[in-house]
Amino acid sequence: MTDSQRTLTVGLLGLGVVGSGVVQLLRDHAEEIAGRVGARLVVGPVVVRDPDKPREVAAELTTDLSAVVGAEGVDIVVEVMGGIDPARGLLADALAAGQSVVTANKELIATHGAELLAAAQERSVRLEYEAAVAGAIPIIKPMRESLAGDRVRKVLGILNGTTNYILTRMTEEGADLDPVLAEAQDLGYAEKPDPSADVDGHDAAAKAAILASLAFDAEVTRDQVFTEGIRGVTATDIANAERMGYVIKLLGIAEETEGPSGERQIGVRVHPAWVPAEHPLASVREAFNAIFVEAEGAGELMFYGRGAGSLPTASAVVGDVVTAARAHLAGEELPRVAISRKPIRPMDESIVQYYVLLDVVDRAGVLATVAATFGDNDVSIKSVWQEGSDDHAQLLLVTHAAREGNVQACVAALEGLSEVRRVASLMRVEGREV
Ligand SMILES: NC(=O)c1ccc[n+]([C@@H]2O[C@H](COP(=O)([O-])OP(=O)(O)OC[C@H]3O[C@@H](n4cnc5c(N)ncnc54)[C@H](OP(=O)(O)O)[C@@H]3O)[C@@H](O)[C@H]2O)c1
């Protein structure tokens with residue numbers, strides 16, 4: 001049989017936003033893909049919940065999972081149904097049956113990725129998940145392959161398009177969160193009625209866990225990621241940041257640092273942060289995603305593009321299908337990848353710079369009391385501004401880099417002072433010191 005006559009069959013689990021794009025690209029780009037793989041990739045059975053629903057693309061629909069999972073004649077399984085169950089068991093079964101698997105499921109990979117990768121290695125088949133982090137942006141393969149000879153130190157990512165869209169609108173219109181969130185929901189960027197997966201940082205946290213695992217050859221799961229969303233960000237915070245040359249972004253941050261006894265530790269966190277206006281991440285607007293990587297040899301790298309959407313996400317999925325198909329044809333043995341058990345640094349041990357906004361009573365000696373409270377907690381103040389008077393006096397403080405646990409203790413102490421009406425805002429600052 002010549003290469004052009006060979007076919008490989010791709011079965012799908014799911015035909016929603018991403019699945020429809022995958023079928024469309026596999027069909028529209030069939031000739032180019034056949035040339036690149038050395039075989040034709042044919043769309044086989046597609047499992048859905050409701051076969052009577054109107055569809056964007058035609059396909060051989062079924063509700064029978066066994067038509068794809070473990071099915072004779074289905075070489076590659078594309079999982080684009082989402083969620084942990086039943087996807088976890090289905091993918092384990094497919095891998096055990098010797099099928100290569102491509103998935104866009106960040107939730108699944110961020111919680112059970114190590115177990116599924118082990119199952120893939122056991123059968124020497126592929127488990128690919130480029131679309132699970134930042135949609136169309138190639139970041140998994142660059143981290144795993146192109147940077148394999150380097151040592152990654154830190155990864156900073158704008159990993160959620162919805163929150164980046166919301167923060168962009170708030171910044172450019174001086175608006176507060178609620179009206180912009182409602183607009184994002186109307187435009188279909190944020191889920192209705194519950195936008196928490198995006199707004200509370202859960203989606204970004206799953207992606208940060210996957211990036212940390214890859215960057216540091218470790219097993220980092222979603223529940224190990226410190227997560228804080230954007231609900232607390234106000235128009236006042238954005239204006240304060242802007243005055244000092246910063247932009248507020250929801251960042252996923254993964255870094256490897258030295259622990260108290262010199263051991264390597266991994267820190268992974270998702271939270272809103274002040275980013276210097278001249279940093280490449282500051283100019284990432286609207287629903288775009290970007291990942292900034294700092295590596296020992298390569299230096300600084302930035303990956304930018306669309307983090308979601310039917311065809312952008314499908315582009316990454318189909319790229320993975322091509323990888324799996326080539327490996328299938330080559331019959332290659334997969335090398336064992338060493339996964340380390342590096343400890344996760346507790347959030348309290350992170351060293352971060354902070355912006356603190358306090359509503360205070362306007363009387364003599366307030367600043368001295370506040371400054372003493374910072375000093376008592378080993379947090380050094382870099383700059384202070386006082387604004388307003390009478391009922392609306394505010395103190396805006398920026399600290400030097402300090403231990404997270406000390407800042408939190410300081411904030412608790414500030415809240416107990418009669419001079420402080422409330423801690424109006426508290427946000428971490430990334431990049432150079434203010
Ligand atoms: N949407 C994006 O832009 C994007 C970007 C990156 C990653 N992802 C990831 O890609 C995956 C798919 O997302 P999506 O937006 O395409 O989802 P979606 O539009 O909701 O589509 C899900 C599909 O899976 C099918 N399905 C769900 N549960 C099933 C079950 N138990 N049995 C059989 N079929 C089932 C659904 O069937 P019915 O059609 O019959 O309901 C539907 O066709 C998720 O893991 C998501 O996180 C999405």
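D378 sits in the loop between α12 (366–376) and β14 (381–387). Helices here are DSSP runs of H or I with at least four residues, strands are runs of E with at least two, and both are numbered from the N terminus. The model is predicted: local features need pLDDT of at least 70, side-chain atom pairs count only at pLDDT 80 or more, and totals for chains, interfaces and linings use all residues. Residue numbers start from 1 along each chain as its sequence is written, and side-chain values use heavy atoms, without hydrogens or water.

**Backbone geometry**

- Most residues other than glycine have a negative phi, and most peptide bonds are trans.
- D378 has a positive phi, near 65°, and is not a glycine.
- S124, also not a glycine, has a positive phi of about 50°. S124 lies in the loop between α4 (106–123) and β6 (127–128).
- D85 and P86 are joined by a cis peptide bond with omega about 10°. P86 belongs to the loop between β4 (76–79) and α3 (87–96).
- A cis peptide bond also links K192 to P193, with omega about -5°. P193 is in the loop between α7 (177–186) and α8 (196–199).

**Helix packing**

- Two packed helices are described by the angle between their axes and the distance between the axes.
- α2 (residues 30–37) and α11 (residues 310–330) pack at about 35°, with axes 10 Å apart. Axes are lines fitted to C-alpha atoms over the stretch in contact, and angles run from 0 to 180 degrees between N-to-C directions.
- α2 contributes I33, R36 and V37 to the contact; α11 contributes V318, V322, A325, R326 and L329. Contact means heavy atoms within 4.5 Å.
- The residues of this contact comprise 6 nonpolar, no polar and 2 charged. Nonpolar covers Ala, Val, Leu, Ile, Met, Phe, Trp, Tyr, Cys and Pro; charged covers Asp, Glu, Lys and Arg; the others, Gly among them, are polar.

**Ligand site**

- The ligand has 22 residues around it, and V18, D50, K53, R55 and G309 come nearest. A residue counts as near if one of its heavy atoms lies within 4 Å.
- The shell around the ligand holds 11 nonpolar, 6 polar and 5 charged residues.
- Polar contacts are pairs of N or O atoms within 3.5 Å.
- A polar side-chain atom of R55 is 2.7 Å from a ligand oxygen. A backbone N or O atom of D50 is 2.7 Å from an oxygen atom of the ligand. A polar backbone atom of G16 is 3.2 Å from a ligand oxygen.
- Taken alone, the ligand exposes 900 Å², and the protein buries 78% of that. These accessible areas come from the Shrake-Rupley method with a 1.4 Å probe.

Terms used. A polar contact is a pair of N or O atoms within 3.5 Å; within protein, one must be able to donate a hydrogen and the other to accept it, and residues adjacent in sequence count only if both atoms are side-chain atoms.
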